[in-house]
Amino acid sequence: MDSITLARSLQDKDTSRSALRAIELAKARVPVEDLAAKHTELRRSGSSLRGKCPVHGGDNPTAFVVAPEEGKFYCHACGEGGDVVSLYARLEGHDNMKTAAAFLLLEFGFEPPQRPQAWFEKDRRQKPVRDALEEARIEHLAGRIYRKFFEALVMSVDEDQRAGELRERWRDAEQMARMMWASRRGGET
Ligand SMILES: [Zn+2]
């Protein structure tokens with residue numbers, strides 16, 4: 001993404017529109033076969049690819065079919081099917097497609113169209129999180145998110161700027177953890 005597009009998207013306050021954009025962007029940027037190949041060994045079979053299903057974890061080496069041209073997957077054993085975002089959501093346990101799309105983009109080295117904070121701010125107004133145990137779990141989740149998505153980035157920054165980068169990225173991780181927590185709680189208030 002060029003910096004003008006990014007800057008414009010950061011100013012966009014329309015959450016649902018940018019959520020939709022995150023999903024569309026993830027589908028356009030991340031090939032479903034690349035994501036699938038991270039979780040199962042795929043073999044070419046005509047225009048599609050086949051392997052063991054990473055969703056239900058079966059042993060049949062041809063049950064899971066990926067169609068790169070259509071950007072879709074389907075499992076003949078468990079019946080799961082969809083696109084790259086729904087596959088990621090299924091594998092990583094996200095209920096919320098916009099969250100899944102944002103994480104998927106990050107995992108493949110792309111910026112989501114809007115920083116996740118704005119989504120979190122909305123969640124926070126709707127569902128205050130006060131419980132101390134919940135806070136501890138969120139911190140734990142933030143640690144995992146930080147290590148998975150941000151640690152390598154922080155370590156690659158020049159040493160004199162690393163502390164500032166770390167503070168900012170840790171804040172991102174913490175807010176993403178809160179957002180994930182809120183989306184996993186589903187409709188609870
Ligand atoms: Zn399956």
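Predicted model: local features only at pLDDT ≥ 70, side-chain atom pairs only at ≥ 80, totals over all residues.
Helix α5 spans residues 97-107 and is largely enclosed by the rest of the structure, because 10 of its 11 residues are buried.

**Helix α5 itself**
- The buried residues of α5 are M97, K98, T99, A100, A101, A102, F103, L104, L105 and L106.

**The largest nonpolar core**
- This core has 27 residues, and the members that touch the most others are A26, V84, V85, A101 and L104.
- At least two core residues come from each of α2 (15-29), α3 (32-37), β3 (64-67), α4 (84-92) and α5.
- The biggest contribution is that of α5, which gives 8 residues.
- Setting aside neighbours within four places in sequence, A101 is in contact with A22, I23, A26 and V85.
- A separate core of 10 residues lies apart from this one, and its members include I145, Y146, M179 and M180.

**Where α4 meets α5**
- Two packed helices are described by the angle between their axes and the distance between the axes.
- Here the axes of α4 and α5 come within 9 Å and cross at roughly 95°.
- An angle of 65 to 115 degrees counts as roughly perpendicular, so α4 is roughly perpendicular to α5.
- On the α4 side the contact is made by V84, V85, Y88, A89 and E92, and on the α5 side by M97, A100, A101, F103 and L104.
- Sorted by class, this contact of α4 with α5 has 9 nonpolar residues, 1 charged residue and no polar ones.

Methods: Residues numbered from 1 in each chain as written. Buried ≥ 20, exposed ≤ 12 C-beta atoms within 10 Å, placed from the backbone. Helix = DSSP H or I, 4+ residues; strand = E, 2+ residues; numbered from the N terminus. Core = buried A, V, L, I, M, F, W, Y, C linked by C-beta atoms within 7 Å. Contact = placed C-beta atoms within 7 Å. Axes fitted to C-alpha atoms, helices over the stretch in contact; angles between N-to-C directions. Parallel < 35°, antiparallel > 145°, perpendicular 65-115°, else oblique. Nonpolar A, V, L, I, M, F, W, Y, C, P; charged D, E, K, R; others polar.
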